[in-house]
Amino acid sequence: QVQLMESGGALVQPGGSLRLSCAASGRIFSIKAMGWYRQAPGKQRELVATNTRGGSTNYADSVKGRFTISRDGTQNTVYLQMNSLKPEDTAVYYCNLEGVTNWGDFNSWGQGTQVTVSS
C-alpha cells in the first residue's frame, strides 16, 4: 500500500510563496501520474496541477504562471511551488499519485494540508 504525506501548508500573506511537499512511502516501481487538488470550504475539490509520465502537464487556469508541479524521482516526493498567492487560493490541498508497486497498480491520496492566504 502506498501512503502519501503532505506538508508545507501554512498561513501566508497575499503575494507570498509556499512549497507543498508530498512524500510517498512504499515500494514504488513507477509513477504514471501525479497531481495536486484543492478544496475550499463549501466548494468541490478541484484540480490544481497534474503531470503524467509522458511529460504532459496541466494547470488550472487560475494558477497558471504562479504554481509549478515537480517531482524528485529519487525520493518519490511531489512538490507544488506556489508563488504570488491570492486569498482565493485558500483551501485544503491534496496530492494524488498513480503508479505501480510490486503488488500492482495503485491510486493514492494524501490527507491534505491547509493553505490560508490572508493579511
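Three bridges join β5 to strand β6 (residues 57-59), and the two run antiparallel; strands here are DSSP runs of E, at least two residues, numbered from the N terminus, and two of them pair if DSSP finds at least two bridges between them. This is a predicted model, where local features need pLDDT of at least 70, side-chain atom pairs count only at pLDDT 80 or more, and totals for chains, interfaces and linings use all residues. Residues are numbered from 1 along each chain as its sequence is written, and side-chain values use heavy atoms, with hydrogens and water left out.

**Hairpins**
- Alanine 49 has tyrosine 59 as its bridge partner in β6.
- Four residues sit between β5 and β6 in their hairpin, and glycine 55 in the turn has a positive phi of about 100 degrees.
- On to β4 and β5: they pair antiparallel over six bridges, with tyrosine 37 partnered to leucine 47 in β5.
- That hairpin has six residues between its strands, and glycine 42 in the turn shows a positive phi of about 80 degrees.

**Rings and a charge**
- There's one aromatic pair, going by Phe, Tyr and Trp rings (six-membered ring for Trp) with centres within 6.5 Å; planes under 30 degrees apart are stacked, over 60 edge-to-face, the rest tilted.
- Tyrosine 37 and tryptophan 109 have ring centres 5.0 Å apart and planes at 55 degrees, so the pair is tilted.
- Tyrosine 37 is in β4 (residues 28-39) and tryptophan 109 in β10 (residues 104-109), so the pair ties together parts 72 residues apart in sequence.
- The charged end of arginine 45 sits over the ring of tryptophan 109, 4.9 Å from its centre (CZ of Arg or NZ of Lys within 6 Å of the ring centre and within 35 degrees of the ring normal).
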